[in-house]
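Q: Could you take me on a close tour of one ligand site in this model? I'd like contacts, cover and make-up in one connected account.

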Amino acid sequence: MRKILDAILADELDAIGSLDVPESYRGVTVHADEVAMFEGQATKDKDPRKSLHVDEVPTPELGHGEALVAVMASAINYNTVWTSIFEPLPTFAFLKKYGGRHDQPFHVVGSDLAGVVLRTGPGVNSWKPGDRVVAHCLDVQLEHSDGHSDTMLDPEQRIWGFETNYGGLAEIALVKANQLMPMPNHLTWEEAASPGLVNSTAYRQLVSTNGANMKQGDTVLIWGASGGLGSYATQFALNGGATPVCVVSSPEKAEICRKMGAELIIDRSAEGYKFWKDEHEQDVREWKRLGAKIRELTGGDDPDIVFEHPGRETFGASVYVARKGGTIVTCASTSGFMHQYDNRYLWMHLKRIIGSHFANYREAWEANRLVAKGKIHPTLSKVYSLEDTGQAAHDVHRNAHQGKVGVLALAPEAGLGVRDHDLRAAHLTEINRFRGV
Ligand SMILES: C/C=C/C(=O)SCCNC(=O)CCNC(=O)[C@H](O)C(C)(C)COP(=O)(O)OP(=O)(O)OC[C@H]1O[C@@H](n2cnc3c(N)ncnc32)[C@H](O)[C@@H]1OP(=O)(O)O
Ligand SMILES: NC(=O)C1=CN([C@@H]2O[C@H](COP(=O)(O)OP(=O)(O)OC[C@H]3O[C@@H](n4cnc5c(N)ncnc54)[C@H](OP(=O)(O)O)[C@@H]3O)[C@@H](O)[C@H]2O)C=CC1
């Protein structure tokens with residue numbers, strides 16, 4: 001591993017293909033014999049620092065159409081939080097179903113990476129050892145007809161590092177070669193590793209015709225606008241000529257949104273919204289109070305699109321405040337997946353709910369290209385070492401982070417890997433906007 005790292009740090013990438021791939025490597029894992037460790041605890045009390053380990057794991061055999069990548073940096077996604085608290089179900093069920101190399105008593109987690117291709121398997125022509133890459137997290141088989149117009153519809157579609165083993169929070173990762181995309185040259189390893197999953201997801205959810213198909217002039221209500229997904233949705237809305245209405249939960253987060261260029265911001269903590277009267281009943285007056293606040297900010301416009309992911313807590317309000325004919329597009333349920341909304345406001349006002357999940361290769365590629373062109377920027381706030389991944393996931397679980405939280409894998413320090421210094425200099429303020437906030 002040392003020789004590989006030295007070659008990468010010296011930017012002597014032509015040598016990579018001739019260096020031996022180690023038989024094992026360090027990766028962040030959960031253990032199958034620990035899935036019951038949090039039984040009886042409330043979700044918020046389950047602590048990723050207890051369940052995430054750093055283990056030496058055997059390097060998996062390389063299959064047809066696959067690549068092994070030396071991971072310089074990765075990032076925390078909420079799916080790793082879910083994995084680490086074994087909710088809504090232990091990910092070992094996915095690994096068992098996938099079978100073969102993936103079905104192990106350990107699960108190497110992580111769904112983002114920036115690094116260098118070490119080896120490619122048979123049938124891979126587009127990538128070679130030494131290529132600097134990022135990886136999107138769609139692992140797809142495409143043996144069935146269903147996925148051939150949109151790969152997300154393939155019945156054998158999986159999220160790499162969540163529903164597959166050998167993920168990105170590790171020194172080496174196993175990916176399908178069609179997960180690979182060029183690393184943006186103006187970014188460091190940890191910056192390049194941070195947008196992938198959320199940027200691609202937000203792109204499909206908000207911009208793509210498979211999602212809300214946002215157009216210029218649209219008003220877009222964005223929950224968690226300075227979080228992982230939201231920090232990219234806000235950028236897409238601003239870039240695309242839409243008006244984001246950013247919902248956040250602190251003055252610091254409101255300030256970040258303002259600095260991104262958003263003008264209409266709601267601090268949900270300051271407003272004190274309480275959409276649920278109790279566990280069973282929602283409060284329509286609170287939905288209305290949110291809607292009135294949005295109208296006050298927009299000068300009377302209701303949202304054409306609501307960018308949803310908090311789920312149970314907010315979904316009723318989201319359906320209510322969307323404009324007549326508007327779209328509620330959802331990709332998650334952080335606060336609970338059994339939603340409740342008043343269907344009269346949906347059908348009588350001709351609204352639509354769209355389900356969206358990650359992105360196909362084309363969508364991920366387009367989202368990554370925007371990063372590479374300096375039109376969308378990483379929202380990296382903090383960087384941890386591989387050993388401290390548990391703490392990094394704990395921060396995200398407690399909602400104590402901003403934007404994205406990065407993890408260094410092989411990279412010995414932050415700040416390495418930049419090739420295009422001119423493009424970086426042109427966007428340095430935006431690239432650093434979330435740092436240390
Ligand atoms: C990129 C990042 C993303 C994120 O962060 S997303 C957030 C994290 N992800 C999650 O929280 C999702 C985790 N996944 C899950 O919770 C579960 O994964 C699902 C609820 C999505 C699916 O549940 P399951 O039980 O795994 O699959 P089933 O499709 O319900 O299949 C179970 C059995 O039910 C049968 N079945 C499915 N649909 C029907 C139907 N319409 N009518 C009758 N039967 C049906 C199947 O065939 C199968 O059967 P058989 O057990 O015999 O194989
Ligand atoms: N299906 C898919 O493809 C994907 C799904 N996801 C899922 O989306 C969800 C969010 O992911 P991500 O954006 O990365 O996570 P983050 O934690 O980075 O951001 C989510 C933001 O949502 C806001 N939020 C959290 N809880 C609530 C609540 N109860 N009410 C209102 N706002 C809330 C918070 O912002 P604030 O406190 O400022 O309001 C928080 O910053 C997760 O459940 C994740 O698993 C993520 C990516 C892809």
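A: Happy to! Helix 6 gives the most to the shell around ligand 2, with three residues. Together with helix 6 (196-207), helix 3 (78-85) and helix 7 (228-239) each supply at least two residues of that shell; helices here are DSSP runs (H or I, at least four residues), numbered from the N terminus.

A word on the ground rules: this is a predicted model, where local features need pLDDT of at least 70, side-chain atom pairs count only at pLDDT 80 or more, and totals for chains, interfaces and linings use all residues. Residues are numbered from 1 along each chain as its sequence is written, chains are lettered from A and ligands numbered from 1 in the order in which they are written, and side-chain values use heavy atoms, with hydrogens and water left out.

In total, 25 residues surround ligand 2, the closest being Ser-249, Arg-268, Thr-334, Phe-358 and His-401 (a residue is near if one of its heavy atoms lies within 4 Å). At least three residues come from each of domain 1 (2-198 + 359-431) and domain 2 (212-355), with bounds from an automatic or database domain assignment. By class, the shell holds ten nonpolar, twelve polar and three charged residues; Asp, Glu, Lys and Arg count as charged, and Gly is among the polar ones.

Now the polar contacts (pairs of N or O atoms within 3.5 Å). An oxygen atom of ligand 2 lies 2.7 Å from a polar backbone atom of Phe-358, and one is 2.8 Å from a polar backbone atom of Gly-228. For Trp-82, an N or O atom in the side chain is 2.9 Å from a ligand 2 oxygen. On its own ligand 2 has 910 Å² of accessible area, and the protein covers 90% of it (Shrake-Rupley method, 1.4 Å probe).

Conventions:
Polar contact = N/O pair within 3.5 Å; in protein donor to acceptor, adjacent residues only side chain to side chain.
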